[in-house]
Amino acid sequence: MSSILGPDGQPFRQQTLSEPQTAHLGHLQRELQSHPARGLTPARLAAILDAAENGDLIAQFELFEDMEEKDGHIASEMGKRRRALLVDWSLLPPDNPSTAEKKATDQLAELMTEIPDFEDILFDITDAIGKGFACLEIEWHRVERWWLPKTITHRPQSWFQLHRGYRQELRLRTNTSVDGVMGEALQPFGWITHVHKAKSGYLERSALFRQLVWTYLFKNYSIGDLAEFLELVGVLRLGKYPPSATEKEKATLMRALVGIGHNASGIIPEGMLIEFHNVEPGDPKAFALMIDWCEKNQSKVILGGTLTSGADGKASTNALGNVHNEVRKDLRGGDMRQVNTTCSRDLVYSIAAVNGLAPGGIRRAPNFQLNAQELEDLATFASSLPRLVDYGFQVPVQWAQEKLGVPQPQNGEPVLMAPARAAASSQPGGVPGLPGDPGATPHEVAQAAATARAWSFAAAAAVLPAARMTPPELMAGRLSQDLAPALDQWIGQIRGLVDRSSSLAEIRDGLEQLLPGMTLDQYAQAMAEALRAAQLAGRYEVLQEAARSGT
């Protein structure tokens, strides 16, 4: 184990797996968070942001916690963005994998299913979207012969500090220094450290919530002003006192005025008077306008638009909503790529390395992938893909199944089949008139064709009710493939008969010899079906041509 290298390329010691790194940092465990949002003013907010830029991150991240906790709109929009990443996941082997690498990927995927509450872990990782970074501490334990995460715990951002050297480094906040650097370096394989920048620059200034702090403050002011306005609107309370009133009596009268405003009752000394005057009420729309502006700005910052979070019935249209939804998809795609990179580096490789499943190092380790690909419309795909294949496109089966969300069947797993093929595969000798029975008579071929045609229409109606597939499209491809061997033999016999015959009578007699068991009624029925099918196909082509020409 001593030869294992961590994600940073430094040697890793197995002893570090015995306990979490923060187990000996009791001052962090006992630390209580403050709430900077209480009584927040513009001057105090500016001081908090300046302190963060100078290395003191505690107040800034505690303010971020208060914002997400107290502002319902921010919590709602952040929830949409973060929960968009809670999708199915998979492990992919490296490019051009060897047999051993494929086996290691399968083993890792099985081991990762043992991690408890994995969806909660993904949600905790996305905490970095708003706050710039998120650190989750891994506690290891052994399950049989494997090292696996026992718990993966989110740690508050206020536990960490930044060191600016050649590059910024996240370190645990301590009162000691190592080689002149304050804080304790994060141990390899002990942390999932996800950094998510809303903008370029130093980490303390790149958090998404830094762009929301001022709208949060303005909105709080507007809500407070609106509440006070609604409490006092329409009524003016005026207190009168005699000239001989003392300062104490004046103070008593003022308390009575305030108490009446809040409690609708109060007492005053004899000789004093309280009068109520109706005044012209103001307009609360100004406060609502400010609150609405702040929330729209927050939605733009978090989701890239406003029409996916609220509709005002005026500028909201379906087209604009679709555009804004596409912006949300772009944000989700970017978020997923960053989470994939972090989980591949700090989680998948960690499990692989400590268990000897990554002999090629992190470069050849399996990759974590969140699967958020939207599935194609089954009806559209089923009608268009066969045409592309007919035009010569070489479409891999695996690609088509991934597009439709159809998993690859495992060894020996039952699969759905076309009815004609299923019937053929269930009989040792095959179905008369289908491949595997080249000696079928033309009558049996006609019966098989009718059966295949009926099954084709039934299967299409049951599986693809929305597909507008034409009868020729339903029949041509499958019948041409399945009936080709028998039909070629039958047509070859007829062609040879025609070439040898010198009159129609000889052809008639020869046909009777080719079909010794076919009665006249059966022959008439087969001809009627063939003529009827030809007539319907011709009528359909005429209708299609008329529709294309607009007549």
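W140 stands opposite P149 in β3. Before going further, a word on the ground rules: this is a predicted model, where local features need pLDDT of at least 70 and side-chain atom pairs count only at pLDDT 80 or more, while totals for chains, interfaces and linings use all residues. Residues are numbered from 1 along each chain as its sequence is written, and side-chain values use heavy atoms, with hydrogens and water left out.

Back to the strands. Helices (H or I, at least four residues) and strands (E, at least two) are DSSP runs, numbered from the N terminus, and two strands pair if DSSP finds at least two bridges between them. By that rule β2 and β3 run antiparallel and are joined by nine bridges. Another spot to look at is E139, whose bridge partner in β3 is T151. The two strands make a hairpin with two residues between them, and E144 in the turn has a positive phi of about 60°.

Now widen the view. β2 and β3 belong to an open sheet of three strands, in the order β3-β2-β7, with antiparallel pairing. β3 and β7 (191–195) stand at the edges with a single partner strand each, so one side of each has no neighbour in the sheet. From one strand to the next, the twist averages 25° (axes are lines fitted to C-alpha atoms, for helices over the stretch in contact, and angles run from 0 to 180 degrees between N-to-C directions). β2 and β7 pair in the antiparallel sense over five bridges, and C135 has T193 in β7 as its bridge partner. How many residues of β7 are buried? Four of its five are, so to speak, under cover: the strand is mostly covered. Here buried means under 20% relative accessible area, exposed means over 50%, and partly exposed is in between (1.4 Å probe, protein chains only).

There is another open sheet of three strands, ordered β4-β5-β6 and again with antiparallel pairing. Its edge strands are β4 (160–164) and β6 (181–185), each pairing on one side only. In this sheet the twist averages 70° from one strand to the next. Strand β5 (residues 168–178) pairs with β6 in the antiparallel sense over four bridges, and L172 stands opposite E184 in β6.

Next, the rings. The structure holds 10 aromatic pairs; rings of Phe, Tyr and Trp (its six-membered ring) pair if their centres lie within 6.5 Å, with planes under 30 degrees apart counting as stacked, over 60 as edge-to-face and the rest as tilted. Take F61 and F133: their ring centres are 5.3 Å apart and their planes at 80°, so the pair is edge-to-face. F61 lies in helix α3 (residues 58–70) and F133 in strand β2, so this pair ties together parts that are 72 residues apart in sequence. F61 counts as buried because its relative accessibility is 4%, and F133 counts as buried because its value is 1%. Both rings sit in one aromatic cluster formed by F61, F64, F133, F160, W191 and F209.

Contact means heavy atoms within 4.5 Å. D127 lies in the loop between α6 and α7 (128–131), and it counts as buried because its relative accessibility is 6%.

Finally, the cores. A nonpolar core is a set of buried Ala, Val, Leu, Ile, Met, Phe, Trp, Tyr and Cys residues joined through side-chain atoms within 4.5 Å. The largest has 39 residues, and M112, I351 and F368 have the most contacts inside it. Among the elements that each supply at least two residues are β2 (133–143), β3 (146–155) and α11 (318–354). The largest share, 10 residues, comes from α11. M112 touches residues including W89, F118, I351 and F368, not counting residues up to four places away in sequence. A second, separate core of 35 residues includes L40, L186, L212 and Y216.
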